[in-house]
Each structure stands twice: as C-alpha cells, then as structure tokens.
Amino acid sequence: MKIFSRDQIYNADRLTIERQGLAAGELMERAAEASFNYIHSRLQGSPTPIVVLAGTGNNGGDGLALARHLMEHGYHVEVYMVQVRKERSPEFLQNLERLRERKCWPELLEEKGPRPELGQQHIVVDAIFGIGLNRVPDPWILELFQYINAAPSFVVSLDIASGLFLDRHTEPGQSVEAEVVLSFQFPKLPFFLPETGSSVHGWEVLDIGLDPAVLAETPAEFHWIYGDLLKPAYRGRGRFAHKGQMGHAAVLGGSTGKIGAVRLAAEAVLTAGAGKVTARTPRSGLVPLQVGLPEAMVEVDKGKDALESFALSVKPQVVALGMGMGTAAATVQAFTTFLEEKPQMPLVIDADGLNILGQNRELLDLLPPSTVLLPHPGELKILIGEWTDDFDKLEKARAFVKQYDCVLVIKGAHTLTLYRELGYFNSSGNPGMATAGSGDVLAGIVAGLIAQGYSPLDAALVGVFLHGLSGDLAVRDMGYEALRASHLIQYLGVAFRQWLQPPAPAEGQQEG
Ligand SMILES: NC(=O)C1=CN([C@@H]2O[C@H](COP(=O)(O)OP(=O)(O)OC[C@H]3O[C@@H](n4cnc5c(N)ncnc54)[C@H](OP(=O)(O)O)[C@@H]3O)[C@@H](O)[C@H]2O)[C@@H](O)CC1
Ligand SMILES: Nc1ncnc2c1ncn2[C@@H]1O[C@H](COP(=O)(O)OP(=O)(O)O)[C@@H](O)[C@H]1O
Ligand SMILES: [K+]
C-alpha cells in the first residue's frame, strides 16, 4: 500500500474531485461517514459519551461532520472548537453551519478558559490538526495535547494524531497520543518511525474513495508491505525439483562462543527452502554444527577461534556472512581479500560483517551491486553515522543506498527495506522478537530465498515479512517473553503456509 506525501494527498484529493465531479465537501463527508461507520460498528449505539475536539481547518471539518453523524444516530456528543487560529476553512464553516442547523453550538476552546472533562468513560475524537500542520503549535495547544494525553479517555484521532508532522520530526510530547488513528486512504509515514510511531498505538486505513486511477498512477517513495502484495514474488517448487535446483547458500561467520549464530542462520537457510547449506566457521565450530545441524555441510577454517579465510571449496548461489564473526584483525583481512577477489554471487551481510564495513569504509566500494545489508539501529549508526531524528536517519540511509547500490534492511518494529529510490515498511512481527539471535535467523531466511532464485530485493521483502509472521504465529503459543530465535525457525513453515493461503472470502461472498 502506498504511503503518500502531503502534496500527493492534496493532489489526489483535487483530481478526485475533478474526475468524479464532486461537490465541495463531498470528500469530507465520505471521510466523516467512514469514521462514523468505524466508531458505530464498535459502539453499537452504547451510551458512551463522545467528546469531539475540532480545529479550524479541514481536519476540524471532518470532526464536525463526524459529530453530526454521531448525533443523528443518537450518540451523546459534546463538540468543542479549538481556536488554533482565526481563519476557518470553507468546509469547516459548511459543517459548522450544518451542526447549528441541528441545534448544536460547539463551545470554543481558547488559550484561557475551562477544559472539557475527559474521564475514563469518554471517547475523545481528536480532529485538531490533520496533515496541514506546518509549524509547531502554540504553547497552549501543546498543553491541551498534554491535557488529553493525561486523561484516561480513549482517544481516536482523525487522519493523523494531532501535532505529528507528516514529513518531519515531531518533538516528544508535542502531539496527541492516539489509541487509534483513522487514517484516510493511506497510512502516514510517521506511524512507522520509532520516535513518532510511539504516539500512534494503532491505526486503520479508511477508504474514502479517492480516484483509483490517480492512486495507481502516482508513484510513492514509501510503501506498506503485507503478505498479499508479496505473493507474486513466490517462486514455488516444481514437482521434479531436486536439491541441486533449490539453491545452495553458504553461511560464513562464528567465533568461539558465538557459533550458535551460524547454526541459527544455516538452519534458517534450509527452513526457507534452499536445497543445501554450507557453513564455514573457525575450527571450534565443527562439532557444534555437525551435531546441532546434521543437514548442514561444514567447512572449517584454519583459525581456531576466528575466521582467517573466506575461501570456500564450494560454489554457492549466495553467501551470508558476519553473524557471530567477531572483528579480529585476521577476519578483517579475510573479508577484505574476499571482496577484493570480486565475489560472483549475491551477498547478505549482517552483524560483524557490517561492523567491519563501517570501520573500513573503503570496503563498501567493493560490495557487489544489490548486496543485502541487515543492520539493527546500532549497526546502522556505524554505517551511516549519527542522526538527529528519524527523518534525518531516513535521509542519510537513502543517500547511503544510492551511493553503494545496496539493499538496506533497517531492522526494528517496522523493518524498513530501502532499495534505489524506494522504501518498504514491513507489517509483521512483534516485540517478542527482540531476543538474541532473531537477526541471525533473518539473515538465513533472506539467503535461503536468494539461493532459490529470488532477487535480493524480493528476498529481503519476503524474508522480512515471513520472519515477522513466524514471530506472530510463534507468539500465539509461546507468549512474548518465552519467544526465542529458534522458534522463528520452527514456525517458518506455518508462516509460509499462512502467507500463501488464498484470502478469506469477504463477508457476504460465496466460497468456492
Ligand atoms: N486530502 C484528503 O484525502 C482529505 C482530507 N481531509 C482532511 O483534511 C485534512 C487536512 O486539512 P487542512 O489542509 O485544512 O489542514 P489541517 O491539518 O486541518 O490544518 C488547518 C490549517 O492550520 C494551519 N496550521 C498549520 N499548523 C498550524 C499551527 N501549528 N498552529 C495553527 N495553525 C496551523 C494551516 O494553515 P495556515 O495557517 O498555514 O494557512 C493549515 O492549513 C486532512 O488531514 C483530513 O483530515 C478530508 O476532509 C477529506 C479528504
Ligand atoms: N518490537 C519488535 N517488533 C517487531 N520486530 C522486532 C521487534 N524487535 C526486534 N524485532 C526483529 O527482530 C530482529 C532482531 O534482530 P537483531 O537486533 O539483529 O538481533 P540479533 O543481533 O540478536 O540477532 C529484527 O529482524 C527485528 O526486526
Ligand atoms: K487529527
């Protein structure tokens, strides 16, 4: 699903009005109806008091229109106009008039004056600012946000949590914290970034019928990725497939005490469907790997505790390297030689592989095109330098991707894959996955997919998605605390099956 910028949203809005010949206010009415349907389907007419806080722009207009629908269905609604500025948008005024016609006169909320009571029983509809926010709100409005956040009420924000900028950093505490955002037509970029996303506990995209052709023809820089979007990338297996056709991945890494990282990655390679895996580790890795993972072939290095050479006796389709590898001088030298000899297969680089690249930046120029790099935030810092906020991080990461022509997978709650000009946020996964070794499993899955012929980008997107889905399935049985990296491998098969299942028929549709 595309994530549009502000200009693109306003443009799609304008073109929809033109092409569908809509009257002024029609899109706002659709947004309000969709929001009403969402709330009504959950409240089912229950006598929950609803407090609508409306700004004076179109987001406020949405709030007023929603208030009208709620009142018409018998809900108990209090409406406040937050005087964020003197000007009022025409559609705001149109909806204010409609409310007045129904004998509802919203109270004005200004800098001075009382604040509405917001108790546990209340639902607050936050329609103070939408995507039009273009400067930090006045201090009294920031205080109002804090007042809302301190209240025990359930907060539903329209389109975006008020105070969040669509395209730049928002300081902590300078926005409303929404239990759920009803986001019109598209999710918004700040939902996915750790600093701003923490103000959005949940979000739903509501279709307001923007013109499908406009949506299709507008290119987006960022995308929200879920299973159905990735299905066309699935490569499957022929009935006569044999292991020689299913791909061979090598996993290079490990050091004494961290051989488990290679074991996890190699096991993930096979579980992701690759035909064969060869693990290359220091000598201390031989016994644990042969015993722990009998399906793997193991090559040991002359180095006892750390890798001293990356020279493989086999010719795999992909090499994954770095997990548990350490940064010993001999290992750095081995990695350098390996890159200088221009490896003729795709690379997947994780953990200490990334640390070595960051500390020996001349090596970055030797990476084959489309190398997949899998940094967590700490490793990312070594690669792209410190950032001031998440938007700055995005900019620096995109510049890095451009410079080195790599697939950069920034791991986190919404793992972001960057390639060329585009970014893809992942939808699966959960905090139970914040546990040792889960990154090693991801590296193995991505390598296992590349071995089977997935392009590096597809392997990264599908791998990240399945890894998260596996975590989501595992957590149902295991709970967040007990989830370990091995479980991500154990549930990978079920994750594949769930991914590939045909979608459930929509309500009212016949099966078959
Ligand atoms: N496109 C769609 O798909 C649809 C969109 N819809 C809805 O419209 C919303 C966008 O509405 P909007 O453009 O009127 O902006 P909104 O956020 O209400 O702000 C209003 C104005 O406030 C101002 N302002 C900015 N910062 C400020 C500050 N700190 N303190 C004080 N004032 C400040 C600034 O004006 P300025 O003062 O800069 O001239 C800004 O224009 C969108 O989020 C969605 O809810 C739906 O109705 C229909 C379909
Ligand atoms: N809160 C979270 N929500 C979703 N996924 C998460 C969360 N925390 C961690 N993960 C995932 O778990 C993996 C952790 O990787 P990493 O930090 O490299 O672990 P390790 O170094 O221990 O192997 C990443 O794929 C990341 O996206
Ligand atoms: K809002």
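1. A quick word on terms before we start: helices here are DSSP runs of H or I with at least four residues, numbered from the N terminus. Please also keep in mind that this is a predicted model.

2. Helix 3 has the largest share, five residues. In total, 30 residues surround ligand 1, and the closest are Gly-57, Asn-58, Asn-59, Gly-130 and Gly-132.

3. Now for ligand 2, which has 18 residues around it, with His-376, Gly-429, Pro-431, Ala-434 and Gly-439 the closest. Two or more residues come from each of helix 15 (438–451) and helix 16 (456–482). Helix 15 gives the most to this shell, four residues. By type, the shell around ligand 2 splits into six nonpolar, 10 polar and two charged residues.

4. On the overall layout, the protein is divided into domain 1 (2–222) and domain 2 (245–500). Taken over C-alpha atoms, the centres of domain 1 and domain 2 are 41 Å apart. Nine residues from domain 1 and 10 residues from domain 2 make up the contact.

5. Which helix gives the most to the side of domain 1 that touches domain 2? That is helix 6 (residues 194–197), with three residues. This side of domain 1 comprises four nonpolar, two polar and three charged residues.

How values were computed: Residues are numbered from 1 along each chain as its sequence is written. Chains are lettered from A and ligands numbered from 1 in the order in which they are written. This is a predicted model: local features need pLDDT of at least 70, side-chain atom pairs count only at pLDDT 80 or more; totals for chains, interfaces and linings use all residues. Domain bounds come from an automatic or database domain assignment. Two residues are in contact if their C-beta atoms, placed from the backbone, lie within 7 Å. Ala, Val, Leu, Ile, Met, Phe, Trp, Tyr, Cys and Pro count as nonpolar, Asp, Glu, Lys and Arg as charged, and the others, Gly among them, as polar. A residue is near a molecule or strand if its C-beta atom, placed from the backbone, lies within 6 Å of it.
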